[in-house]
Amino acid sequence: MAAPTIQQPSYLLANLKADWTTKPLLQRCQELVKVIDDYPAKELHLIFPWLIESMFGSLDGVILGWNLRFLHARMNEYNIVMEFLDPSGPMMKLVYKLQAEDYKYEIPISYLPGPVKASIQEGVLPDCPLFHNKLQFPMSGLLTLSMSLNPFEYYMFNFASSLIVPKTYPPGQHGSCSDSAYFVLVDAYLKHFLPTEGNVPPSPFSDPRGSVAPPTPRSPSMPYVGYGVHSSSLLKRHISHQPSANPDPTAQEIWRSETLLQVFVEMWLHHYSLEMYQKLQSPQVKEPFSPTEEHVLVVRLLVKHLHAFSNSLKQEQTLSPSTHSHASPLEEFKRVVVQRFVQQKLYVFLQHCFGHWPLDASFRAVLETWLSYIQPWRYTGEKNNHQTDVQNRNVPEKWASFVQENLLMYTKLFQGFLNRAMRTDLVNAKNALMVFRVAKVFAQPNLSEMIQKGEQLFLEPEHVLHHRQPRVFLTPAHSGSFLSSRQPVGTDAVFKVKSHVYSLEGQDCQYKQMFASELRGVVLKLIQIIAQARQTAKRISDHSAEAAANSSFLSWFGMGSSDPNYTFNGGEADDMGECFKKTHEFLDKALDYLCQIFRLNSGQLSQLMANLASTEDDGGSKQLPDCIPSETGLVLTNLGRMQIINGLRRFEIEYQGDPELQPIRSYENALLVRLLFKVSSFINDRLGDHMELLCSRQDFLGRVSRHYLTSSSTVSEQRRRSPVTRQARGRPQRARLSLRALASYRTLLMMLLLYVFFALLSFGLLSSTALILMICFVYELLLVVFADKLKAH
């Protein structure tokens, strides 16, 4: 690498591009470190956009970059990349070096999330302060608008976008999310810029005035309106009137923390419009954006860290509002970060996931994100080594205000989960675990009482709600930082709860109480499904144990299956063996927790279980699903569909055509089947009328004839248990001779053994044949004689 006094900027970029394709990653990073240290910001400015794209990939997904989402600790390049992109590493040093010179970089608005892009194209300034004072107006109009970002914003924007940009990765790249380089870097950036202890480390570079070069400052004079809240048109500002502001010195200490959080929230959560959510709350609405499981897991990491960050607020700041004016900017940021920046967008994000996510075990990522948000007390930093104490510990009363101001996060999403659980296969251990997790969380002592208290506050009449001042307690507005001069927050609990619900669901929302009779009825239906799934899991477990025993017995003769789990064809690997025992355990505990949450009568629950057990004893798995008879056959009800989905009941699928014409089985000789069919068809054509007369007799000869000649009784019994039409069920079956049983390998083997046995007794071929026919006739005759007694028994 040439000396900086000789190298020209154009040659620097050209050489770096050439080295990028020929040199190994370690050497490239070492040379980049030297370039960042030696070259001035004026020359580094030209390579910065190319370097960002080379690391994180292009915004259109064509360039992959370093594949941070598929880079894991077991790979050689992992440590090199992590050291280079560390919050205190060379790349961030380059960002700060350019930040001190106030360089700008443009990003087209077409790469912004859908609601933000639509708002800008309509000429309305987005609510988030991140987008203010950054729009560049081209001559061609609003469709080609771009944003002008400072180096730190540009870096974080590309880093956050690399998670959601769809890319075509080379085949064979797999790995879990929790140990990928991207996941670890997100955690590192959150801990560095949103520290739970101490302050954000200062930048090593400063501008000539001696302060860190901040982004374009925001005006402290702008009042608060709901940040991202459904607001009237008076609160929306046209993009041609972007506010120009004076610096706010108190906001400059943590501008990087605020910027990082706003970028992460906007790029990861703001893919659904609140207005669209309020108008079209239907699972049939086509998704404008489909998050991946990896995306949701990163969002959960963000939620967990923000709770820990907010809970690290000094105790005197949370207890005494009068000390807010004397708090440091970082402490003030901790006090408002969750409610003002995350609550609304996360709620809409989770609502869409609950309504559109596939009904499979991958929903666990969404579920844990939701459970992490509604349990901020888990991230207080308190250490407790007794797991039992943690499970039985009451939710502290200080969290009552959080529950009330996030009421819909508890009640509306719980109702959404109930709807999913009733349509999910709960025999699957992973799905059963999700029901257990939710029931366990909501069964925590005091939590039900806090939710009920929040619902009571919402239902209280509040006639002065609409005459209040703007909702100053929600989130920062268009251009004012949360550290701007604020009006006194003098709102009561009723106003907070009502504003929370109305801002998310609209003024005309129909709120459904979590502990009302309607929802209790839904919970009782779920309990019935859970109880049925428990018995189904037990039945399958018992059957698999018997099959395993039979398999081990047959293996002595070389006839067993080489796959020990062959009885669970199509099941997942971890749903074998012990999975059904786990299913029973999860569902059993979930039943107990649901009874605690909704204070269900133990006698009523016992009666429900007894009725279910008697139903299972009367027919159990052999009962038909719940159906309604019609002219075209049986029509499934909603209950019947749920029974089939959960494996509780099923139709016995039987062959409904001519028994003589059913497909040739593997245990039959194809040549003999066809030959015997021709013989029996010839006899039936010639003697069919005589057979009908014999079968119609009511004496002993008629009974014998009906036994030997195929009648409609067996077929009718099969069709009674199958979803066939009435016409097919009532179709008469003619009496006829069937010789197909003689083509079975089992029958042929038994006949061969009998011939060998009689040959050993010195019987000839004809005499052996006569004896075999006589034995078969006597055996069948005894069956006819004792048939009625056997049926009665």
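Helices here are DSSP runs of H or I with at least four residues, numbered from the N terminus, and it is in this sense that Lys-191 and Asp-187 both lie in helix H8, which covers residues 181-193. The model is a predicted one. Its secondary structure comes to 31 helices and 5 strands, and 47% of the 793 residues of the protein count as buried. Among the contacts with a separation of 6 or more, 80% are made by residues 24 or more positions apart.

**The sheet of three strands**

- An open sheet is built from 3 strands in the order E1-E3-E2, and the pairing within this sheet is antiparallel.
- Strand E1 (105-108) and strand E2 (135-136) are the edge strands, each of them pairing on one side only.
- Strand E3, made of residues 146-149, runs antiparallel to E1 and is joined to E1 by 4 bridges; within this pairing, Pro-108 stands opposite Ser-146 of E3.
- Helix H7, which spans residues 151-164, lies across E1 and E3 and runs at about 35° to E1.
- In general, the strands of a sheet pair through backbone hydrogen bonds, in either a parallel or an antiparallel way.

**The hairpin**

- Strand E4 (residues 627-630) pairs with strand E5 (residues 633-636) in the antiparallel sense, over 4 bridges.
- These two strands, E4 and E5, form a hairpin in which 2 residues lie between them.
- Cys-627 has Leu-636 in E5 as its bridge partner.

**Salt bridges**

- Within helix H8, the side chains of Lys-191 and Asp-187 meet in a salt bridge, at 3.1 Å from N to O; the two residues are 4 residues apart, which is about one turn of the helix.
- A salt bridge also links Glu-331 with Lys-334, where the closest N and O atoms are 3.4 Å apart, and both of these residues lie in helix H13 (residues 329-356), 3 residues apart, or about one turn of the helix.
- Glu-331 counts as buried because its relative accessible area is 9%, and Lys-334 counts as buried because its relative accessibility is 2%.

**Buried residues and their surroundings**

- Helix H5 (residues 90-99) is mostly covered, since 9 of its 10 residues are under the cut-off of 20% relative accessible area and are therefore buried; among them are Pro-90, Met-91, Tyr-96 and Lys-97.
- Phe-264, which has its place in helix H9 (residues 255-269), is buried, with a relative accessible area of 0%.
- Leaving aside residues up to four places away in sequence, Phe-264 touches Phe-159, Ala-160, Leu-190, Leu-269 and Leu-302.
- Phe-264 and Val-299 are 35 residues apart in sequence, while their C-alpha atoms are 8.8 Å apart in space.
- Arg-534, located in helix H21 (residues 517-554), is buried, with a relative accessible area of 17%, and its side chain makes a polar contact of 3.4 Å with the side chain of Asp-588.

**Cysteines**

- A disulfide is, in general, a covalent bond between the sulfur atoms of two cysteines, and a search of the whole structure finds 0 disulfides.
- Cys-128 counts as buried, at 3% relative accessibility, whereas Cys-776 is partly exposed, with a relative accessible area of 44%.

Conventions
Residues are numbered from 1 along each chain as its sequence is written. This is a predicted model: local features need pLDDT of at least 70, side-chain atom pairs count only at pLDDT 80 or more; totals for chains, interfaces and linings use all residues. Side-chain values use heavy atoms; hydrogens and water are left out. Two strands pair if DSSP finds at least two bridges between them. Contact means heavy atoms within 4.5 Å. Axes are lines fitted to C-alpha atoms, for helices over the stretch in contact, and angles run from 0 to 180 degrees between N-to-C directions. Buried means under 20% relative accessible area, exposed over 50%, partly exposed in between (1.4 Å probe, protein chains only). A polar contact is a pair of N or O atoms within 3.5 Å; within protein, one must be able to donate a hydrogen and the other to accept it, and residues adjacent in sequence count only if both atoms are side-chain atoms. A disulfide is a pair of cysteine sulfur atoms within 2.5 Å. A salt bridge is a side-chain nitrogen of Lys or Arg within 4 Å of a carboxyl oxygen of Asp or Glu.
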